[in-house]
Amino acid sequence: MANMLTLLLDRIHRRIYQMNITDQAKIQLSPNWLKALEGEFSKPYWHTLSQYLMEQEQGGKTIYPPGEQLFSAFNHTDLENVRVVIIGQDPYHGLDQANGLCFSVAPGNKIPPSLRNIFSEIESDLHISAANHGCLKAWAEQGVFLLNTVLSVEESDPGAHAGQGWESFTDTVIALISQQCESVVFMLWGSHAQKKAALVDASHHQILCAPHPSPLSAYRGFFGCRHFSVANSYLQSKNRQTVDWRLPPMMDDHPQITFEL
């Protein structure tokens, strides 16, 4: 009986802890990010968002990505190292897909259609063969900040967490990068991302716009935009390290995957 009670309390503790976004942010954000953003944690929108997420999870809703990956973009790309910003909307809403980086999926998943189109454009632009997986961690570790404007989602319900407060946080993040970093390339794909151009000082950064890479819109101008070579040319002109857009092959302990149709 005592063991069962201990297991129950442990489960409750883990569930509450997973979506305690203040605790998760303090764990996952690097010192530079934390210093710059800690003031957000006392604002009303943050408290409302935090309460909403914990209530959702305590009510039995499954939320992606897992709490320990909510701020993966900040964990893999430090503020002082940001060279490129790619903006997505909200995480993938299927089991074990989302890993906290926009457009990226955890190893072992099929490559989603939008990411497949991104790989196709890179192959056309830079003659780099597509990777056999969709995990973009290698980009993030080079300074490609892969930010969703909403950092969580309910299982099988895309957009469920929009309008709950994440947008206030990520708008602050985009403006912060514009203010504190120099010579960053902002890749804004689709109308949702392009609205964020108002937060960026175009006199200090390069803003690249194109249609979203979704199969519904990629043929309207995403294909052929050459954003990846253009970004590297800009970075080189500003004496900044360019991005190696090749992804390392998947490790042997992950199964080979296929493209999602």
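Two packed helices are described by the angle between their axes and the distance between the axes. For helix 2 (residues 21-28) and helix 4 that angle is about 105°, and the axes lie 9 Å apart. An angle from 65 to 115 degrees counts as roughly perpendicular, and helix 2 and helix 4 are therefore roughly perpendicular to each other.

Helix 4 (residues 44-58) also packs with helix 8 (residues 166-180), where the two axes come within 9 Å and cross at roughly 130°. Helix 4 and helix 8 are therefore oblique to each other. On the helix 4 side the contact is made by Tyr45, Trp46, Leu49 and Leu53, which meet Trp166, Ser168 and Phe169 in helix 8; the residues of this contact divide into six nonpolar, one polar and no charged.

Rolling a probe the size of a water molecule over the atoms shows where empty space is left. The structure holds one cavity of 30 Å³ or more, and about 50 Å³ of space lies in the largest cavity. Its lining consists of Pro65, Leu70, Ala73, Pro91, Ala98, Gly100, Leu146, Leu147, Asn148 and Leu151. Strand 3 (residues 144-148) gives the most to this lining, with three residues, and the lining as a whole divides into eight nonpolar, two polar and no charged residues.

The largest pocket holds about 470 Å³ of space. It is lined by 22 residues, of which Asp90, Pro91, Tyr92, His93 and Ser114 lie nearest its centre, and these lining residues divide into nine nonpolar, eleven polar and two charged. Pro91 is named in the lining of the cavity and also among the residues nearest the centre of the pocket.

Two details of the backbone deserve a look, given that most residues other than glycine have a negative phi, and most peptide bonds are trans. A cis peptide bond joins tyrosine 64 and proline 65, with omega at about -10°. Proline 65 lies in the loop between strand 1 (63-64) and helix 5 (72-76), and Pro65 is also one of the residues that line the largest cavity. Phenylalanine 103, in the loop between strand 2 (84-88) and helix 6, has a phi near 70°, a positive value in a residue other than glycine.

Finally, there are stretches to be read with caution. Over residues 4-17 pLDDT stays under 50, and for these residues the model has eight contacts beyond four places in sequence. Over residues 253-261 pLDDT likewise stays under 50, although here the model has 24 contacts beyond four places in sequence. Where pLDDT is low, the predicted coordinates should not be read in detail.

Key: Residues are numbered from 1 along each chain as its sequence is written. This is a predicted model: local features need pLDDT of at least 70, side-chain atom pairs count only at pLDDT 80 or more; totals for chains, interfaces and linings use all residues. Side-chain values use heavy atoms; hydrogens and water are left out. On a 1 Å grid over the protein atoms alone, a cavity is a set of points where a 1.4 Å probe fits but cannot get out, and a pocket is an open set with protein on both sides within 12 Å along at least five of seven lines; lining residues have an atom within 4 Å of a point. Grid points are joined across faces, edges and corners, and a volume is the space filled by probe spheres set on the points. Helices (H or I, at least four residues) and strands (E, at least two) are DSSP runs, numbered from the N terminus. Ala, Val, Leu, Ile, Met, Phe, Trp, Tyr, Cys and Pro count as nonpolar, Asp, Glu, Lys and Arg as charged, and the others, Gly among them, as polar. Axes are lines fitted to C-alpha atoms, for helices over the stretch in contact, and angles run from 0 to 180 degrees between N-to-C directions. Angles under 35 degrees count as roughly parallel, over 145 as roughly antiparallel, 65 to 115 as roughly perpendicular and the rest as oblique. Contact means heavy atoms within 4.5 Å. pLDDT is the predictor's confidence in each residue, from 0 to 100.
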